[in-house]
Amino acid sequence: MATETLTLGKALNTGLRRALENDPKVVIMGEDVGKLGGVFRITDGLQKDFGDQRVIDTPLAESGIIGTAVGLAIRGFRPVCEIQFDGFVYPAYDQIVSQVAKMHYRSQGKVRIPMVIRIPYGGGIGAVEHHSESPEAYFAHTAGLKVVTCANPQDAYVMIQQAIASDDPIVFLEPKRRYWEKGPVDLDAPVADAYPLHSARVARPGTDATVLAYGPMVRTALDAATAAAEDGRELEVVDLRTLSPLDLTAAYESVRRTGRCVVVHEAPGNLGLGSEIAARITEECFYSLESPVLRVTGFDTPYPAARVEEEYLPDLDRVLDAVDRTFGW
């Protein structure tokens, strides 16, 4: 069995390579994805090996990238669009909401849009304005789109291939601050037998409180669980993985056992994913809860300048403080 230690970025690169090898209808398109290999080098070497007809450098026009991909998808291709940074996706938002999300419904199921929109998202890299955003709620709120996010190299490798193979349009959110973190990746395991794309799972078992997180915050939640264990408190961490459709089966099972729940994400708290998750857990697990569901989120401001990101982004201390407050009820 070929298990290698890869960074999350390299795992994505390898998964994209496998998808290109397995299906001649897969094309990758975006700004600087070809010769440069993308600003984060996620597509490094792919144009060299597959040619500029399948790994396509586009103009700096996000609306044009998505609009072209819609046409390709209708004609039977499986385009994978890279949005260079999360803050650049907004010019394409009209195309995504008005066309990508609605074409299947509008055509009464006759037209499918099998395309993936890759978006590096979140903060933590000291970037300038428009280069750090958490736009997941916009897309998760949009009926007709599926939204997933990976948190470790193994999931990155498998989930990108599963997303490309799907017949539905998928927004694939990549936690850019985790691109360089390493982990084991099983390169031989058949993707068809892998954990389902739209399913959450327990990242660390525990008994005392449940911490729900996704994407870049899964590592933060795991670090908080490690720190809590030193004080004798066992936190169960659930990696949500899929934001639309939102799978909370593992979360419900966990909260019914622990009686306490903290939801963590980088995006602002107002109308964020944490609000929906907290509402659903309260509805489903009301009689099991020992305290209210608490949220640890970014603040209701634009992403700050790089030097004060540490004050904005949820960290280990804020997660542990929320856990402590759940035990105060």
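Mentor: A salt bridge is a side-chain nitrogen of Lys or Arg within 4 Å of a carboxyl oxygen of Asp or Glu. The model is predicted: local features need pLDDT of at least 70, side-chain atom pairs count only at pLDDT 80 or more, and totals for chains, interfaces and linings use all residues. Residues are numbered from 1 along each chain as its sequence is written, and side-chain values use heavy atoms, with hydrogens and water left out.

Trainee: How many salt bridges does the rule give?

Mentor: The count is 20 salt bridges. Take arginine 256 and glutamate 284: their side chains meet at 4.0 Å, N to O. Arginine 256 lies in helix α9 (residues 249-258) and glutamate 284 in helix α10 (residues 273-285), so the bridge ties together parts that are 28 residues apart in sequence. Helices (H or I, at least four residues) and strands (E, at least two) are DSSP runs, numbered from the N terminus.

Trainee: Which residue does the side chain of arginine 118 meet in a salt bridge?

Mentor: Glutamate 82, at 2.8 Å, N to O. Arginine 118 is in strand β5 (residues 116-121) and glutamate 82 in strand β4 (residues 78-82), so far as sequence goes 36 residues apart. Both arginine 118 and glutamate 82 are buried. Now try aspartate 155 and arginine 201, whose side chains meet at 2.5 Å, N to O. That pair links helix α7 (residues 153-165) to strand β9 (residues 201-204), 46 residues apart. Aspartate 155 is buried at 3%, while arginine 201, at 26%, is partly exposed.

Trainee: Which residues have the most contacts inside the largest nonpolar core?

Mentor: The general idea comes first. In soluble globular proteins, nonpolar side chains tend to be buried together. A nonpolar core is a set of buried Ala, Val, Leu, Ile, Met, Phe, Trp, Tyr and Cys residues joined through side-chain atoms within 4.5 Å. Here the largest has 79 residues, and Ile66, Met115, Phe172, Ile277 and Ile281 have the most contacts inside it. Helix α7 gives the most to this core, with seven residues. Another core lies apart from it, with 21 residues, among them Ala209, Ala221, Val319 and Val323.

Trainee: With which residues is methionine 115 in contact?

Mentor: Contact means heavy atoms within 4.5 Å. Leaving aside neighbours within four places in sequence, the partners of methionine 115 include Ile66, Val70, Cys81, Val100 and Ile170.

Trainee: At what angle do helix α3 and helix α4 pack?

Mentor: Two packed helices are described by the angle between their axes and the distance between the axes. Axes are lines fitted to C-alpha atoms, for helices over the stretch in contact, and angles run from 0 to 180 degrees between N-to-C directions. Helix α3 (residues 62-74) and helix α4 (residues 93-100) pack at about 25°, with axes 8 Å apart. That makes α3 roughly parallel to α4. Under 35 degrees counts as roughly parallel, over 145 as roughly antiparallel, 65 to 115 as roughly perpendicular, and the rest as oblique. Ser63, Ile66, Gly67 and Val70 of α3 meet Gln95, Ile96, Gln99 and Val100 of α4.

Conventions
Buried < 20%, exposed > 50% of the residue type's maximum accessible area, 1.4 Å probe, protein only.
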